[in-house]
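Thank you all for coming.

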Amino acid sequence: MPYDASDSVVQLLDVSKEFMRDKIRIPVLTNTTLHIPKGDFAAIMGPSGSGKSTLLNLAAGLDRPTTGRVIVNGQDLGVLSEAGLSRFRSENLGFIFQMYNLMPVLTAFENVELPLLLAPLNRAQRRQHVEAALRIVSLADRQDHYPRQLSGGQEQRVAIARAIANDPVLLLADEPTGNLDATSAQEVLDLLELLNTQFGTTIIMVTHDPKAARRAKRLLHLEKGTFVQADIEALETSR
Amino acid sequence: MKFIPLIIRNVLRNKIRTLFTGSSIAMSLFLVVLLYSFLMIQDEILEATKPYNRIMVTNVQGLTGNLPIAYLDRIRKMDEVRSAIPFSWFGGRYREETIPFAQFGTDSKYVTDVLQEYKVPDDQLDAWQADKTGCVVGALIAKNKGWKIGDKIPLKGDIYPVDLELTVRGIYDGDSTVDREQLWFHFEYMDEALKAKQQPMAGNAGIVMLRAKSGPIMPELMEKIDKQFASSDAPVRAMTEKEFQQSFMEMMGSVKFFINVISGIVVFSLLIVAGNTMAMALRERTREVAVLKAIGFGRGTILGMVLCEAVIIGLLGGVAGALGAKLLFATVDFSRWLTGFGFLYVPWRTALLGLVLAGFIGLASGIIPAWRAAQLSVVDGLRKIV
Amino acid sequence: MIPIKYNLRSLWARKVGSLMTIASTGIAVGASVFALGLSAGLDQTLEVSAGPLDIIVLRQGSSSETASGVSEAVAREILALPGIATDQQGRPLAAPELVVVTYLPRRGNAGSANVTIRGALPVSRDLREGMKVVEGRDFQPGLREAIVSRKLAGRFEGLGMNEEFVVQDKSFKVVGLFEAGGGATESEIWTDQKVLAQVANRTGGTSSVQIRAASKAAQETLLNHIKADEQIALKAITEVQYFADQAQAGLVLRLLGQIIAFFLTIGAMFAVANTMYGAIATRAREIGTLRSLGFGRGSILTAFLLESLVLCLVGAIVGCLASIALTKLFGGQSAGTMNGVTFTEIVFAFSFGPNVLMKGALLAVFLGVVGGFLPALRAVRMKVVDALREV
């Protein structure tokens, strides 16, 4: 599929990433190029160590490539400082983790409010955003609950609310259903699909779960640091 | 400001740990505040005496030297002197007590003029003047020893080979900087007893305390006194009350040095204790810190939050320790068990110093953990399980 | 019983945390030992000063030589009493001695203090076991010369070898330094009695009479004899008693030492408890595993108490050693304070005897047991199933 580069939310241009472990160079990504257009919902699959998480970290500006450029929402991440990257993340990105990673000492409301504390918003504006986000994930009635008082599925939905509270251009999800039972996983995937279709949020989701991958618009398969041919139909048939 | 709720939640997250760290800081700060109060009160009392323009005259050889009582009149005649009294340390034994409390032979007519902040009711002062063997005692020591007006106080001579049989005729009082644990009796009573025994020690005032007419003339006056008696048998040294008390403190010698050493060690120890707590707390929260950074919290914010948390814990301990010490010494009178320590209280200055110290300990203890949290790689932090 | 190896390895695995706890208990115990050593040193100085057969005669009512006076005639009477030990030449081992106080500036601009000068007779030296001139020579009778305790020489202006100091307005030259086995004599300046009496206007009498009794029985007789003689109005006490009374001088220091030890120990206890709570929280799973393997509650409790004890004992050893080393390093061999009875400077050495070190060890055991108990109890109370589920 040909992409219009100017329309891309994420562009990885000839990106390589190596890690050093005990003086041995371990290449994780090799000369990878990737374009994720606006409004896309891409699932990345691949065996352990294929570079999925690394790819996600690079797109999030949590890690820097050894060579090549990463451009997100028109911003070359390579030119940003640590502080610049932090600000960039708080303004443009949302994260969803496998382990939900909510702050155990904060209520659902306060957890969702967390990224908004970094934005120039007053208390009332923050409240509006938080309530809107919690409504979207249908947990408005649980806003005063602490994470330990919620089920795994609910926790993950709070995490999603936190990720969308600041209206991000790009949502990065790392095994969002990895820790959930089938029903909760369904709910979470429904939610992601909704965000993608109704709100036009671009989503990149790393997953091991074929059922989750099937909900994406596009499937990318990573193997030993490079994309190999794969599509959703292929996934269906392999089952 | 927006982050305060999260910081406070983190402080309260592991309540036992915060409580114990706070308590550890509190106990040690209590000690430091107590030790420093001991030093600082001396200063505070010295400062308090400044407006009273008092000068102490002793033999050049110090307290053990001879100061003829005849000098008293010569000093009183000086133009710059408003009033003067002998102030002779008797050091007698009261009952079975091994350490003497403060007993001074003085002049009932002028003592309340020289020691103007020591208040004696007029009728009691008159009663004392009328009784040759009468005495006046401080309110605090009277309370602790249960003395009332009319009580007999027998004192066995130790430095002087005479015994005194005193009757309480008055009780003086004053504010917290006034030493309310003294006993005053008539110098003549002691001196006549010595003369009767033909003791060579008779006629020695030990100390003459005087009140100058004004503050600015004091340096000149002291020089004048020094000069006047320079070539006599007993040359004297005049110094301000402050200098006199200081020289007395100096005799305590190394105690001050040891208080400083111990305090230094304690603060260092607290840095380790509090630092360990913060390190433990953040080790458990590695993942959370990584998440905060992932969603856009900058290094500075993380650093500030951790430092703030550490300062709060430090201050919790400081409030309990420093203000606790202040409160304890304000409500409990320790002179009941320790005669001579009635002056012991915790000045605000010391309590606040303790509080500042606690905040500093918190801040310093948070530096390494905060730095490490700020430097934490998000990728590693998220990967870490615990 | 869970092998102690398990706990030791666990401590090793948490090196930084363990080290920090060792450091904080070490400091608490070390500082306490420092303070206790200070006060013990003062006590010891006064204790070793006393000869078991020695008697000191003072004016009735006075509790120290500085405040006492004995006339020449009375002193002669006392020297003639029976029961006094004699030297090889048959002379009585007894000496009237004159004690005068002078006010001298400390070295290093640290204020001034009263220092004791003793006007001695030749026999005075025989009454002080172990007193010897270690530098220079002895003073010559009739001259304004003095020998000074080596400890004192370093602490006051004018008391160094060949320096001069002033008593009343006459200057004395220091011609020798002496040592005297660490007792109270090491806080004194010695000079010729006649010279001192003249300078200080104290002719015709002395401060005290020092006597060595021939035997315990003779000591008893002498004491009673002098007490019974109302004419002379003197009191005689054993030197042991004399210095025991002066030990009051150390009251402030002893109090200080105890207060310091108390607060620091409690403070450190909380720190130890914290570390142990942390250790147990992170090892919940291990504890669950041990329980499921069949180890009982008792052995879990013991194991964790032992772990806490090991931490504190190592801390205590480090603290004691550091305290001793630092004291030696900073020349803190000798310290000085005012003797609250005589108002004169008393110089003493730190004493880290077995008594003080035992107290340090006791503090450590107390720290370990009390600090470790609540956390260990929590480990015991953990439900096996919950503990195993813990991540």
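How many residues does the contact take from chain B, and how many from chain A? Before I answer, please keep in mind that this is a predicted model, in which local features need pLDDT of at least 70 and side-chain atom pairs count only at pLDDT 80 or more, while totals for chains, interfaces and linings use all residues. Residues are numbered from 1 along each chain as its sequence is written, and chains are lettered from A and ligands numbered from 1 in the order in which they are written.

The contact takes 18 residues from chain B and 20 residues from chain A, where two residues are in contact if their C-beta atoms, placed from the backbone, lie within 7 Å. On the chain B side, helix H1 (4-13), helix H11 (286-294) and helix H14 (378-383) each supply at least two residues, and H1(B) gives the most, with 5 residues. Helices here are DSSP runs of H or I with at least four residues, and strands are runs of E with at least two, numbered from the N terminus.

Now to chain C, where the domain assignment, automatic or from a database, gives domain 1 (4-47 + 249-389) and domain 2 (61-232). The C-alpha centres of these two domains of chain C lie 45 Å apart, and 13 residues of domain 1 are in contact with 16 residues of domain 2. On the domain 1 side of chain C, helix H2 (15-48), strand E13 (334-338) and strand E14 (345-349) each give two or more residues, with E14(C) giving the most, 4 residues.
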